Amino acid sequence: MSDQETCAPPVIVTLPAQINATTAEQAAEQISAAFTPGVTVVIADLTCTACRDCSAIRHLLRAHRKATARGGQVRFAIRPGGPLHRITEFADIHPLLAVYPTLQHAIKADYPSRRPTIARRPGGHQHLIAI
């Protein structure tokens, strides 16, 4: 059996429309909590998220480092040209993170032979909404 067949599909955590230092800490905790047994990839959906506070990025980096230390991966879906993309690009953290322009790109990153959807169905992806 290949690794793709033995690993759970990615868990998607959709983050709120606005992130600041306080809500980013909660979002980072939700990303970390999504790593339940068998889950090795969590996708942080930030495609509709704005961030006005650069310190919020620190919490997202912390979730990334925590996942990496445990052998997992956080993929960040960040809309190109958006405010969050500009902040993360300015902070030069794109080389440190797995950043994808859309949620679909983040999902397909390790599943080239499959075409997973974001629907709730047996064996499909879990879709979580962050507070």
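Is Q30 buried, partly exposed or exposed? In the predicted model described here, Q30 is partly exposed, with a relative accessible area of 27%, where buried means under 20% relative accessible area, exposed over 50% and partly exposed in between (1.4 Å probe, protein chains only). Residues are numbered from 1 along each chain as its sequence is written. Because the model is predicted, local features need pLDDT of at least 70 and side-chain atom pairs count only at pLDDT 80 or more, whereas totals for chains, interfaces and linings use all residues; side-chain values use heavy atoms, with hydrogens and water left out.

The chain contains five helices and seven strands, taken as DSSP runs numbered from the N terminus (helices: H or I, at least four residues; strands: E, at least two). The order of the elements, read from the N terminus, is α-β-β-α-β-β-α-β-α-β-α-β. Of the 131 residues in the chain, 44% count as buried.

In soluble globular proteins, nonpolar side chains tend to be buried together. A nonpolar core is here a set of buried Ala, Val, Leu, Ile, Met, Phe, Trp, Tyr and Cys residues joined through side-chain atoms within 4.5 Å. The largest such core comprises 27 residues, and L15, I31, V42, L46 and F76 have the most contacts inside it. Two or more residues are given to this core by each of β1 (11-14), α2 (21-33), β3 (41-45), α3 (55-69), β5 (73-77) and α4 (83-90). Helix α3 supplies the largest share of the core, six residues. Another core lies apart from it and has eight residues, including I12, V41, A98 and I107.

Individual positions were then considered. Q30 is located in helix α2, and its C-alpha atom is separated by 9.2 Å from that of L15, 15 residues away along the chain. Helix α3 holds H64, which is buried at a relative accessible area of 17%. Between H64 and I31, which are 33 residues apart in sequence, the C-alpha to C-alpha distance is 8.7 Å. N20 occupies the loop between β2 (18-19) and α2 and is partly exposed, with a relative accessible area of 34%. N20 and A56 are 36 residues apart in sequence, yet 5.5 Å separates their C-alpha atoms. In strand β5 lies Q73, partly exposed at 27% relative accessibility.

On the surface, R58, R62, R65, K66 and R70 gather in a patch of positive charge. Patches are made of residues with over 30% relative accessible area and no salt bridge, like charges being joined within 9 Å. A salt bridge is a side-chain nitrogen of Lys or Arg within 4 Å of a carboxyl oxygen of Asp or Glu. Lys and Arg count as positive, and the place of a charge is taken as NZ of Lys or CZ of Arg. Accessible areas come from the Shrake-Rupley method with a 1.4 Å probe.

Methods
Patch = residues over 30% accessible without salt bridge, like charges linked within 9 Å, V, L, I, M, F, W, Y side chains within 5 Å.
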